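Please view the sequence and structure below before reading on.

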Amino acid sequence: MKKVLSMLGPHKVPLILSIFFATVNTVMQLFIPLYTSKIVDEGILGENMQRLLELCLVMLGFTVLSIITSIANTYFSTKTSVGYSITLRNYIFDKVSRLSQSDIDKIGVSSLVTRTTNDVRQVHDIVLSTLKSLIPIPIMLVGGLAMAFYMNPKLARLSLLSIPVLMVLAIIIIAIIVPMYSKVQKLVDKMNQIMREKISGIRVIRAFNKTQYEDNRFADTNLELTGLGLRAARIMACFIPVLTVLLYSLICVVIYLSVDAANYLDVETQYEQIRATLPNMFAFITFFGLIISAITSVVSILVSIPRAVISGKRIKAIMEAVSDIVLPENPVTPKEEDAGKLEFSNVSFKYKPRPAEKKKKFALKKKKTEEKPQKPFELKNISFASAPGETTAIIGITGSGKTTLCNLIPRLYDVTEGEIKIAGVNVKDLSPEEIGKRIAFIPQTAYLFSGTIRDNICFGKKDATDAEIWRALEIAQAKSFVDSLPDGLDSFVSQAGKNFSGGQKQRLSIARAIVKGAEIIVFDDSFSALDLATDARLRASLRENLSDVNIVIVAQRVGTVLNADRIIVLDNGEPVGMGTHRELLESCELYREIVVTQLSEEALEEVNGNE
């Protein structure tokens with residue numbers, strides 16, 4: 001929590017003012033019982049109306065000042081906590097954006113969303129309640145006990161007996177609730193994940209008639225979360241009546257002892273002591289109520305602290321996360337003559353395993369089991385070089401590592417062995433800005449952001465002109481359908497482009513990459529949703545208009561890669577063939593099998609004859 005709370009630094013001024021007004025407000029509250037006693041003693045019992053009026057005005061002044069300082073404390077504590085949560089969310093968002101894809105995969109998207117929203121809210125709430133309640137409590141306890149001892153040491157000592165009882169109850173409650181809150185946060189993560197999957201995959205769910213199954217899955221998790229929350233709430237609900245019974249029991253004891261002590265006094269010789277019993281009893285009961293109220297507030301906050309601590313640990317895990325992608329201290333600027341070059345040198349890669357969960361301190365020791373075999377390489381010994389104006393195609397059966405290879409080019413992951421050079425420089429020596437400037441990447445799943453078509457196309461080049469946008473759309477074979485829309489470039493795009501078909505989203509994603517004007521464009525199976533005619537027109541348009549760009553294409557269709565300068569055939573992450581279409585037909589059995597399954601022997605002979 002220390003690191004998480006360190007983000008309060010920029011909000012020192014409202015923080016200090018909140019503490020100041022909370023302190024003044026508490027002191028004002030301590031004066032009110034004293035003047036209540038004086039009003040009863042000197043004004044009412046003393047039958048002195050002038051003195052009564054004076055004391056009432058003073059008490060009214062303390063009350064008004066207490067209200068003003070309470071409002072000020074609320075304002076500045078809220079300003080501090082809200083400002084702090086904004087700072088914390090911005091920090092987490094910025095940190096997540098700098099994490100590698102591998103780090104994001106380890107934590108999970110749903111968990112990241114929960115930590116940025118719900119967990120930050122938990123920490124915000126504890127900061128707010130601490131500034132409003134916890135800081136004044138020590139003053140209230142010390143001041144109240146001091147006043148109580150000043151007025152009646154015997155009764156004050158009696159009130160001290162209640163404090164250990166309350167603390168024991170608080171410790172028991174905290175010990176029970178902490179594990180519950182830890183599980184609650186995990187269930188919130190799970191609910192977010194289920195909700196995200198249902199919304200994203202709603203068409204698949206309906207197609208397989210699994211709506212009821214998903215509803216039941218959500219309901220089960222929701223019921224488990226609700227049950228856990230109710231158990232925690234019931235435990236807390238039991239604590240409040242215990243405090244109430246204890247408070248009024250002690251008040252009854254105070255009244256009984258005060259009256260009993262007054263009965264033993266002589267009316268004639270000890271009249272002043274008898275008269276002082278009533279105002280002192282009122283003041284003492286008020287002080288005792290303040291002390292009990294302070295203890296109750298402490299316990300309530302202490303019970304909520306464990307939940308905030310758990311949230312703080314989850315946030316801290318993000319704050320302390322070290323990205324697998326280590327940025328260079330002194331980035332290298334590539335030479336202009338090497339612009340657009342791409343080279344793989346003996347590249348091998350495997351995904352890093354998820355970190356093992358920490359074992360509990362008191363967990364039973366299990367017998368040692370055999371060590372799990374190391375995860376195999378996803379890619380092994382990939383080597384090739386391509387230059388501007390060349391097209392490198394990557395083909396292979398499903399799961400052969402094609403997308404993994406593409407993800408290494410923009411450095412979404414770091415290679416395990418070997419090196420990748422962009423413009424003649426190892427990608428690890430280039431800054432993220434330099435890589436982003438030189439590479440345009442179209443992922444396997446086309447993704448559009450909410451906004452307009454213009455916003456999406458200009459994502460990589462904010463100052464793109466309409467002429468540049470329409471040219472990119474024309475190359476990507478998207479001009480016709482965009483032009484047919486009522487609002488054209490300003491047509492609305494829903495979240496993830498749900499209001500466009502798969503083929504339309506792919507063409508808009510391709511146009512977005514083209515308008516960027518990058519030296520290297522990576523197409524990760526970006527033609528899969530296009531019909532054969534559109535695919536052919538698009539490839540012809542790319543060859544004609546992007547003749548100076550280094551193009552890398554991952555494809556399932558043989559027709560997409562026929563005219564590539566270089567075709568790399570992958571099988572289980574290893575290159576089993578490299579060359580042109582004609583060369584691979586003669587030298588690579590796997591490639592020939594893929595071609596035959598798609599084109600048939602007759603079509604194959606026709607294609608060979610046309611080359």
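Leu53, Leu57, Leu60, Val64 and Ile68 form a nonpolar surface patch of about 470 Å². Areas follow the Shrake-Rupley method with a 1.4 Å probe. Leu57 lies in helix α3 (residues 49-98) and is exposed, at 53% relative accessible area; exposed means over 50%, buried under 20%, and partly exposed in between.

The model is predicted: local features need pLDDT of at least 70, side-chain atom pairs pLDDT 80 or more, while totals for chains, interfaces and linings use all residues. Residues are numbered from 1 along each chain as its sequence is written, and side-chain values use heavy atoms, without hydrogens and water.

Two nonpolar cores are listed here; a core is a set of buried Ala, Val, Leu, Ile, Met, Phe, Trp, Tyr and Cys residues joined through side-chain atoms within 4.5 Å.

| Core | Size | Members include |
|---|---|---|
| Largest | 51 residues | Leu473, Leu508, Phe523, Ile567, Tyr591 |
| Second, separate | 28 residues | Leu342, Val427, Ile520, Val552 |

The members named for the largest core touch the most other members. Beyond four places away in sequence, Tyr591 has contacts (heavy atoms within 4.5 Å) with residues including Ile395, Val558, His581 and Leu585.

Of the 611 residues in the protein, 43% are buried.

Conventions
Buried means under 20% relative accessible area, exposed over 50%, partly exposed in between (1.4 Å probe, protein chains only). Patches are made of residues with over 30% relative accessible area and no salt bridge: like charges are joined within 9 Å, nonpolar side chains (Val, Leu, Ile, Met, Phe, Trp, Tyr) within 5 Å. A salt bridge is a side-chain nitrogen of Lys or Arg within 4 Å of a carboxyl oxygen of Asp or Glu. Helices (H or I, at least four residues) and strands (E, at least two) are DSSP runs, numbered from the N terminus.
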